Amino acid sequence: DPLALGVDVARFGMNNSVIWPRKGRDARSIQRQVFNGLSTVDLATKVFEANSLYRADGIMVDGGGVGGGVVDNLRHMHLFCFDVQFGGKPDLGGAVTGNQGEKYANKRAEMYGAARAWIKTGALPNDPEIKKQLLAIKYTFNKQDQIQLMSKEDLLDENPDLDLDTLDALCLTFGGPLHRNANA
């Protein structure tokens with residue numbers, strides 16, 4: 001199965017940067033990495049090291065905000081990565097991700113929908129915090145009848161101790177198309 005690295009970028013402050021490897025239906029066997037206080041250069045180096053170790057078939061980076069610096073640094077290191085914009089247009093076909101027939105307002109909702117479909121047969125770590133994060137996600141439908149997730153800020157207002165960085169990193173593994181690397 002192809003291996004994806006989902007990279008949620010936080011830099012400094014209360015949020016964490018997370019690198020989460022997912023190999024097909026398995027997001028449990030390879031330990032995710034959580035960092036706090038790393039610069040974009042340092043995080044790009046950690047992603048480079050993870051890619052060297054696991055030979056990822058796709059690296060999906062939250063390119064919004066400070067994440068653009070990680071994308072730039074990875075590309076400077078000659079690594080191809082997807083610059084995933086959570087607010088961007090959804091672009092994966094539902095048949096590929098198991099959520100066909102669903103319409104999404106943005107890339108974030110699409111990735112979370114793909115993760116939701118994947119969870120039915122996927123393997124997650126036995127971690128009560130991840131369960132708490134998954135159960136906190138709420139959605140509605142917009143005027144175009146598209147699935148729209150509650151904003152991260154509103155979710156954090158309701159649950160101040162919630163860490164969505166880890167869940168975002170998992171969902172980022174669904175941020176682009178994956179094909180098995182012929183050179184792996």
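**View 1. Strand 1 sits alongside strand 4.** In this predicted model, strand 1 (residues 3-8) and strand 4 (residues 58-62) run parallel and are joined by four bridges. Strands here are DSSP runs of E with at least two residues, helices are runs of H or I with at least four, and both are numbered from the N terminus. Two strands count as paired if DSSP finds at least two bridges between them. Look for L5: its bridge partner in strand 4 is I59.

**View 2. Strand 1 also pairs with strand 2.** Strand 2 covers residues 17-23, and its pairing with strand 1 is antiparallel, with six bridges. L5 turns up again here, with P21 as its bridge partner in strand 2.

**View 3. The two faces of strand 1.** L3, L5 and V7 point one way, A4, G6 and D8 point the other way, and all are buried (under 20% relative accessible area with a 1.4 Å probe, protein chains only). With six of its six residues buried, strand 1 is therefore largely enclosed by the rest of the structure.

**View 4. Helix 4 crosses helix 7.** Helix 4 (residues 107-119) packs against helix 7 (residues 165-172) at about 85°, with the axes 8 Å apart. That angle makes the two helices roughly perpendicular (65 to 115 degrees). Axes are lines fitted to C-alpha atoms over the stretch in contact, and angles between N-to-C directions run from 0 to 180 degrees. M111, Y112 and A115 of helix 4 meet L167, D168, C171 and L172 of helix 7, where contact means heavy atoms within 4.5 Å.

**Notes.** Residues are numbered from 1 along each chain as its sequence is written, and side-chain values use heavy atoms, leaving out hydrogens and water. Local features need pLDDT of at least 70 and side-chain atom pairs count only at 80 or more, while totals for chains, interfaces and linings use all residues.

Definitions and conventions
Parallel < 35°, antiparallel > 145°, perpendicular 65-115°, else oblique. Buried < 20%, exposed > 50% of the residue type's maximum accessible area, 1.4 Å probe, protein only.
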